[in-house]
Amino acid sequence: MMNLTLFVSFFVLGVIGWVIYKIFIWPFYISPLRKIPGPPSENPITGNFKELTTEESGFSEPQHRWVKKYGNIVKYHGLFNEPTLYIADSKIIQGMTLSNTYNFVKPFNASALAIAGIGLFFAEGENHRRQRKMMNPAFTYSNVKEMAPAFVRITLILKGLIENEVKLGKSNINLSPYLSKTTLDMIGIVGFSYEFNSLTSSNELAAAYESVFNLPASNLRIAISLLANYVPLVRQIPVDINKKFKNACAIIERVSKKLTEEKYNEAKYGELKGKDLLSLLININKTLPDEEKINDTELKHQIMTFLIAGHETTNVTTCWALHLLAQHPHEQDLLREELVKAFPDKSNFNPTYDEINSLEYLNCVTKETLRLNPPLPTITRTNLKDENTPIFIGVSALHKSTEIWGPTADKYNPKRWLDPSSIKDVTNLNYMPFFNGARGCIGSKVALVEIKILLGMLIRNFVFQPIEGLHIRRKVFPTPKPEPYLGLAVSIVES
Ligand code: HEM
């Protein structure tokens, strides 16, 4: 009995000692990061998270302030005071993206993995190199240009739905669900030749994503999501948030499995003729030696990855593009002028890949939106070679740095992209909405043509204005979309 008491006492003392060491001693007296300047920790359990998650403009604003105050390398405190680096320094980023990519791995993120699977986005090292090499050919110019007609067709459905609302006398429209369903339907077709039809019918996959991405970012949701990385059992607590999350993950996985099986069945009868990404991947896979092939589970995970990476990002970007254009009517008019010139008959908006990419001002508007509101404002990594230090690459801080963009860095000005002197300091290491290097976005060409077709047709057909009294913020979690929703006053362009 005595021995047991002694053992328990030592155990409890050990745990208390370890907690004190991790939270109070390591971060401030031993960690190699302790001397790097940065904001003081606000709380031993939540570090600086409160400031990061409560500010109305979202996760990246406090970090911008810190960069201004402490410089391009800032140390702040994560959960349990964990020292975390925030980096807005192009030279360091160059080392991380171009030379030592595989020394910087993505930190474990239980919730994101459950939604996106361990596809290309979360694969690491040799596994990533093999998958990327095999997938690159599916994203070449000749394949992506074939996708334009599908983007036009789905945008036409969206246009019809908005037109109906306006004709029924409703001018203030919540565009968030429309745009989210539009981009889901688009990735369904170009990704898998699959008609989700979520714009025109109820769809369980759209509802699943809605339940994960469109609920308010309550403290409990954020806490569960963060704690699940340390204690996976947190997801088993029977609260509504967990039930909805697990239900959504089950649907996403089931649909992805079904899509893989259907394509495999089709592939039994020879080479797949579809130009969708999944058909291209299955065809490429067949030609590879066994050791380079991706297996069935990996393929299912690629589908989960494409579904989320290819749908939420383009949705967020299009939402902010419309919001910014509504707030800047002059820029909206300039864009419309360009579109009217290129498509004098608005009922005949049917651009090819090259035609939409040749529109100069549309290109500027897209770039400027991705500069001010990148869907991934920070890129997270862990340095394997250095105490597993968590690192946040400050994409949005670089995008708003006055050293790079001049005194108007935080102003919306699509025209800056036409003035060589305004962008003379811009490189792919300080403007990187798609990141770069071996882990840069594989779908950037797909995304750009999709967003431009969507914006092009919408601005050619409608005028968007802010709704008086509706205050739109940037959501903090899980993705930086407009909150409470993208509501705009919409009217029809007559000719
Ligand atoms: C505006 C739209 C988009 C933006 C801003 C964007 C941005 C990014 C960024 C920043 C990364 C790197 C993330 C990291 O390494 O932590 C990434 C990776 C990735 N994106 Fe995109 N993306 C967009 C659209 C798409 C689309 C349409 C697809 C698919 C069709 C896609 C598929 C992927 C995949 C598979 C990866 C992982 C690449 C790898 O690690 O090799 N993305 N994206």
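## The area buried between the two domains

Domain 1 and domain 2 bury about 1,900 Å² between them, and 62% of this lies on carbon and sulfur atoms. Buried area here is the accessible area (1.4 Å probe) that two parts lose on being put together, summed over both. This is a predicted model, in which local features need pLDDT of at least 70 and side-chain atom pairs count only at pLDDT 80 or more, while totals for chains, interfaces and linings use all residues. Residues are numbered from 1 along each chain as its sequence is written, and side-chain values use heavy atoms, with hydrogens and water left out.

## Where the domains lie

Domain 1 covers 2–87 and domain 2 covers 125–492; such bounds come from an automatic or database domain assignment. Their centres, taken over C-alpha atoms, are 33 Å apart. Domain 1 gives 26 residues to the contact and domain 2 gives 22, where contact means heavy atoms within 4.5 Å.

## What meets at the interface

How many residue pairs are in polar contact across the interface of domain 1 and domain 2? The rule finds 6, with both residues at pLDDT 80 or more. A polar contact is a pair of N or O atoms within 3.5 Å; within protein, one must be able to donate a hydrogen and the other to accept it, and residues adjacent in sequence count only if both atoms are side-chain atoms. On the side of domain 1 that touches domain 2, there are 14 nonpolar, 8 polar and 4 charged residues. Asp, Glu, Lys and Arg count as charged; Ala, Val, Leu, Ile, Met, Phe, Trp, Tyr, Cys and Pro as nonpolar; and the others, Gly among them, as polar.
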